[in-house]
Amino acid sequence: MYDPASKSFYQTFCDLTSENGFVWTLLESFSLANKNGFNVQPFFQDYPVSQNSFKWNKFRLSLPIMNSTLSHSTHVRATCNFNTDELVTIDYLRGKTTELNILLLKGKPCVTLEYINIRGYKGYNSSVMMNQEPWHLHTDSHDGGDVCPFNGAKSGSIGGEGEDNFGYYDITNPLHRCSSVNDSTTQWWFGEQ
């Protein structure tokens, strides 16, 4: 793709078919084995990785390119293992960028998502705790339900400091598709409907 701001080309992956009526641009993809390169990199920080040589296990666009992509996006989503399984809506989230602006979110606010599914526990138009700063964007399925209404995924979650889903991965659950094995991957996308 071409970035008019820097007048240069960059590589990413676009998904035009998995969700009817949506066009998705991949912002980031990393494997659980590479979590340490991403776990303290919130999306509001410029942290490009393999931008000129796309890799599913270690990739992130620069902040200026993400901002440019956000300017014409209506939605954000997180997927697990898209590189091997394509779209599976178990361990998946999707929300409007007006509700979840991943480039601005700081702290642990409750955010309304159109759909969330963690280990088969799902919510529609649910208020979910999203965490970012100083860590990578994620939700905590164990502790999040104590703060925000979406709490179904607390059942079967890993307790203690709380189970991290869709990023950070300090505490992982092998039953979550993004963190089941070291080769499992997490993807974040901007999309337009």
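Predicted model: local features only at pLDDT ≥ 70, side-chain atom pairs only at ≥ 80, totals over all residues.

Me: Which residues of helix α1 are buried?

Reply: Helix α1 covers residues 63-70, and Leu63, Ile65, Met66, Thr69 and Leu70 are buried there.

Me: Where do they sit around the axis of α1?

Reply: Looking down the axis, the buried residues of α1 fall within an arc of 160°, so they line one face of the helix.

Me: Now the rings. How many aromatic pairs are there in the whole structure?

Reply: The search finds 15 aromatic pairs. One of them is Phe54 with Phe59: the ring centres are 4.9 Å apart and the planes are at 70°, which is over 60 degrees, so this pair is edge-to-face.

Me: Is Phe59 buried or exposed?

Reply: Phe59 is buried, with a relative accessible area of 0%. Phe54 is partly exposed, at 22%.

Me: What about Tyr115 and Tyr124?

Reply: That aromatic pair is tilted, with 5.1 Å centre to centre and 50° between the planes. Tyr115 is buried at 10% relative accessible area, whereas Tyr124 is exposed at 56%.

Me: Back to Phe54 and Phe59. Which cluster do ring pairs link them into?

Reply: The cluster consists of Phe13, Phe54, Trp56, Phe59, Phe82 and Trp189.

Me: Which charged residue lies over the face of Trp189?

Reply: Arg77 does, at 4.3 Å from the ring centre.

Me: And what lies over Phe44?

Reply: Lys106 lies over the face of Phe44, at 4.7 Å from the ring centre.

Notes. Residues numbered from 1 in each chain as written. Heavy atoms only, no water. Buried < 20%, exposed > 50% of the residue type's maximum accessible area, 1.4 Å probe, protein only. Helix = DSSP H or I, 4+ residues; strand = E, 2+ residues; numbered from the N terminus. Arc of directions from axis to C-beta. Phe/Tyr/Trp six-rings, centres within 6.5 Å; stacked < 30°, edge-to-face > 60°. Lys NZ or Arg CZ within 6 Å of the ring centre and 35° of its normal.
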